[in-house]
Amino acid sequence: MLDRIISELGPWNWMVLGFVLLVMEIIAPGIFMLWIGIAALIIGAVSLLIWDAGFWTWQVQVLAFLALSLVSAYVGKKLVGGHDDPTDQPLLNRRGAQMVGRMATLAEPIRDGRGRIKLGDTLWRVSGPDLPAGTQVRVTAAADTDLELTVERV
């Protein structure tokens with residue numbers, strides 16, 4: 001039954017697939033199905049023009065669709081994504097970087113380059129020169145993962 005429907009629709013299969021993908025994009029937006037749906041619609045338009053050509057078999061159509069999907073996704077990424085717009089809050093969601101410059105007292109001594117400070121209600125792992133507990137320190141840097149701060153004696 002499915003074979004009969006596909007053979008009766010002919011080049012419109014690609015159009016149906018394209019519209020289904022576009023509807024899926026509307027239902028679950030993510031700007032991914034959009035580019036694949038556009039590729040299917042383009043293959044459908046080409047199929048309408050050259051459906052009777054001997055070389056335009058279903059295998060060639062699928063390969064063209066796959067290649068066009070990759071190209072359209074790449075172009076879509078360049079058009080829509082990847083913009084690093086300046087922000088008024090560059091440290092948002094970077095808690096460790098927000099701590100740079102703050103003063104604190106060592107909660108645990110720094111031994112072998114590792115210790116802990118308390119900032120607010122959080123104990124932070126720190127690295128720096130060996131210092132006894134209770135020493136005043138200044139945060140000078142934060143690791144990229146925000147898991148460890150670098151300190152120096154004040």
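## Notebook: aromatic pairs and helix packing

I searched the whole structure for aromatic pairs and found two. I note here that the model is a predicted one.

**Entry 1: the pair in the helices.** I looked up tryptophan 14 and phenylalanine 65 to begin with. Their rings form a tilted pair, with 5.0 Å from centre to centre and 40° between the planes. I then checked where the two residues sit. Tryptophan 14 is in helix α2 and phenylalanine 65 is in helix α4, 51 residues apart, so the pair links distant parts of the chain. Both tryptophan 14 and phenylalanine 65 are buried.

**Entry 2: the other pair.** I went on to phenylalanine 55 and tryptophan 56. They form an edge-to-face pair, 6.3 Å centre to centre, with 75° between the planes. Are these two residues buried or exposed? Phenylalanine 55 has 54% relative accessibility, so I wrote it down as exposed. Tryptophan 56 has a relative accessible area of 9%, so I wrote it down as buried. The cut-offs I used are under 20% for buried and over 50% for exposed.

**Entry 3: phenylalanine 65.** I returned to phenylalanine 65, which is found in helix α4. It counts as buried because its relative accessible area is 11%. Which residues does phenylalanine 65 touch, not counting residues up to four places away in sequence? I listed Trp14, Leu17, Ile36, Ala39, Ala40 and Ile43. I also looked up a C-alpha distance: phenylalanine 65 and glycine 44 are separated by 9.4 Å, and they are 21 residues apart along the chain.

**Entry 4: helices α2 and α3.** Two packed helices are described by the angle between their axes and the distance between the axes. I looked up both values for helix α2 (residues 12-27) and helix α3 (residues 33-50). Their axes come within 7 Å and cross at roughly 165°. That makes α2 roughly antiparallel to α3, because the label applies to angles over 145 degrees. The crossing of α2 and α3 is left-handed. On the α2 side, the residues making the contact include Trp12, Trp14, Met15, Leu17 and Gly18. On the α3 side, they include Met33, Leu34, Ile36, Gly37 and Ala40. Sorted by type, the residues of the contact of α2 with α3 are 16 nonpolar, four polar and one charged.

**Entry 5: helices α3 and α4.** I repeated the look-up for α3 and helix α4 (residues 58-80). The axes come within 8 Å and cross at roughly 135°. That makes α3 oblique to α4. The crossing of α3 and α4 is right-handed. In α3, the contact residues are Trp35, Ile36, Ala39, Ala40, Ile42, Ile43 and Ser47. They meet residues of α4, among them Gln61, Ala64, Phe65, Leu68 and Ser69. The contact of α3 with α4 divides into eleven nonpolar, five polar and no charged residues.

**Entry 6: serine 47.** Serine 47 lies in helix α3. Its relative accessibility is 0%, so it counts as buried. What does serine 47 touch, not counting residues up to four places away in sequence? I found Pro11, Trp14, Trp56 and Gln61. Trp14 belongs to the tilted pair, and Trp56 belongs to the edge-to-face pair.

How values were computed: Residues are numbered from 1 along each chain as its sequence is written. This is a predicted model: local features need pLDDT of at least 70, side-chain atom pairs count only at pLDDT 80 or more; totals for chains, interfaces and linings use all residues. Side-chain values use heavy atoms; hydrogens and water are left out. Axes are lines fitted to C-alpha atoms, for helices over the stretch in contact, and angles run from 0 to 180 degrees between N-to-C directions. Helices (H or I, at least four residues) and strands (E, at least two) are DSSP runs, numbered from the N terminus. Angles under 35 degrees count as roughly parallel, over 145 as roughly antiparallel, 65 to 115 as roughly perpendicular and the rest as oblique. A crossing is left-handed if the near helix is turned anticlockwise from the far one by less than a right angle, and right-handed if clockwise. Contact means heavy atoms within 4.5 Å. Ala, Val, Leu, Ile, Met, Phe, Trp, Tyr, Cys and Pro count as nonpolar, Asp, Glu, Lys and Arg as charged, and the others, Gly among them, as polar. Rings of Phe, Tyr and Trp (its six-membered ring) pair if their centres lie within 6.5 Å; planes under 30 degrees apart count as stacked, over 60 as edge-to-face and the rest as tilted. Buried means under 20% relative accessible area, exposed over 50%, partly exposed in between (1.4 Å probe, protein chains only).
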